[in-house]
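Dear colleague,

Please find below the structure for your review. A short account of the findings follows it.

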Amino acid sequence: MSIKTWTKTVREAKLSRPVALVGSPGFRSVGLIAVNYLIEKLPCSPFLEIYSRSFPVEYALAPSYVATPGLPGSGGVALKDGVPELPRVEFHSWQDKIVVVRGYQADFEGQYQVAEIVADHLQQLGTRRVVVLAAHGKGGEGVQCCATDRRILKKMRVYGVETGYEGPFFGLSGLILGMIMLRGIEGLALFGLTTPMPEDPESPDLASAKTLLEKVSEILDLPLDLSGLEPRAEKRRQSDLSKLGLSV
Amino acid sequence: MTTVKIFKKPELTNPILVGGLPGSGYVAKLAVDHLVKELDAKLFGEIFSPSFPPQVLVRKDGTVELMKNELYWWRDKKSETSMIIFTGNTQAVSPEGQYDIAERVLGAAEEFGVKRIFTIAAFVTGERVERPRVFATATESELLDDLRRYDIVVMKEGNIGGTNGLLFGLAKLREMRGICLLGETSGYIIDAKSAQAVLETLTKILDIRVGMSALENRAKETEAFLRRIQELEHREEQPQPKKGEKGLFYIG
C-alpha cells in the first residue's frame, strides 16, 4: 500500500522542552490568522512539513473543518507567486522554546491520521504544553478556554481567561488537543470570541485574532508587536458589520 | 486504525452484552448510561476510531474529551448475572467504521464468553406519544416467542441503522443469541420516557432491579419544556394588539 501521509524534514530544530502553538483553517479563520502572524512576526522558521493524500485543495463542502465521509474534495496544488505549493501542515520554531504548527484540514479519511502524526512529532520534540488557537461563536468578546485538565483551567483564571464553551470542537486543531492528551502532554485551547457568518464560516475575523494574540503574548510572555493587525482588523470589522446589516 | 484499550480484564462468568450508542432521541444512550450509573458498573475499556467524527468534545467544566466508545462491567453479588455494557459519546460515521466497531466489540465480548446480547435502539415514528411502546426483535423465532410474555410489540419489518443495529446483526453471524429492544420515539427530542420504557423491559427480562427516578425526572423536565414551547406557540397564534392599540396586559 502506498504511503498516505508523509513527513519532510526541512532542517534540524534545536528545541528545549518547547511550548507548541497550533492553529488551523477554521471558524472565522481566527486560529489560522494567529499562527500566520506568529510565524511572520516572531519570526519563526520552518523545520518540518507533513504532506497527505487526504489534503484537498478544494473541499467538497464548506467549511473545511467539518469533514464528511465519502466527500473527499479534490486534490491539487495552490499557486503562490506563480509557484505550485502542495497543501501541508508546517512546523516552525522560534528560538529553542516555541514551536508553531500551521495546520491543514484533511478529508474525513485523513483527519485522525494527520492529528496522530502531528501529536507524535510534538511528543518526539519534547513538547511540554500545546496551546491551540481557535475561535467560537457563542457570543461575547474576549478570550475563553478549555483544557486537558482542570489544573490548567485554574491557572488561566489568573490571566482572566475563563471557560464558557460547551460542545464539539471540530477539525484538526481539536483532534490534536485530543491526541496529545492521549500521549500525556498538557493541552490548552484559547478561543477568540467571534460572530458566526453562516454564509462564509471561515470569513476572517482579524479583531478576534488580535485579541487572542494579545492574550497569548501575555500568557507566554512573547515579544509580539500586534500593531500590524490593527488597521486591517478595523477595516475587516466594518466590512463584517455591514455584511450583517448592522450600521458601521 | 481502530484501537481497543482494555485497562484491566475483569473476571466474568458467562456475561451478557448490553449495548447502546447515541442515536435517534438518544434513547439507547440514555438507557445504557442510566444502567451504568444505577448498577455502578466499572469502566474497563475504551475504543478509539478514525471513523468517529473528527472532533473533540468540550465538557461543561471546560475539560476536553475525545470521541470514544466504552466498555463497562458489572457483576451481581448475589446471583450469577454478570454484564458487559457497551456505550460511548458517539457512533462511527461511515458504514465501514460501524462494521469495524461492531466486529471489534463482539470479538472482545467473545473472549469473555458472551453468548447472549441485548442491543437498544430507537423506533422513530415522528409522533409524540404519552406512553412509548417497546418494540422487539430477536435473532431466533423462539426468542421472539419468549419475548411475547413482556409488554412488547414484535418489530417484523424495517431497518435498525448504525452500530446499534449492526451489533445485533453481526451477533447472529457469530451464532450469539441476540435481542434488540427499541423504544418508540418521535425522534425530535431527547426522549427519557422512551429510554425508561425500554429499560424497564430489559430489566424485567434480565430479572434485575434498577431505580428509575433519575430517568423519570429527566422525562418530567422534557415534558415541562415541551409544555412551555406549546404555550409559547399557542400565544403566538393568538391575535396580537395592533401598534398603538391597548392590549390586555396586566402587571401585578
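A:Pro168 stands opposite B:Leu57 in β4(B). The two strands concerned, β10(A) and β4 of chain B (residues 55-58), run antiparallel and are joined by four bridges; strands count as paired if DSSP finds at least two bridges between them. Helices (H or I, at least four residues) and strands (E, at least two) are DSSP runs, numbered from the N terminus.

This is a predicted model, in which local features need pLDDT of at least 70 and side-chain atom pairs count only at pLDDT 80 or more, while totals for chains, interfaces and linings use all residues. Residues are numbered from 1 along each chain as its sequence is written, and chains are lettered from A and ligands numbered from 1 in the order in which they are written.

Chain A contributes 26 residues to the contact and chain B 15 residues, where contact requires C-beta atoms, placed from the backbone, to lie within 7 Å. On the side of chain A that touches chain B, α4(A) gives the largest share, six residues.

Within chain A, eight strands form an open sheet with mixed pairing, in the order β1-β3-β6-β7-β2-β8-β11-β9. Its edge strands are β1 (5-9) and β9, each pairing on one side only. Strands β3 (residues 45-52) and β6 (residues 89-94) of chain A pair in the antiparallel sense over five bridges, and A:Glu49 stands opposite A:Glu90 in β6(A).

Yours sincerely

Definitions and conventions:
Two residues are in contact if their C-beta atoms, placed from the backbone, lie within 7 Å.
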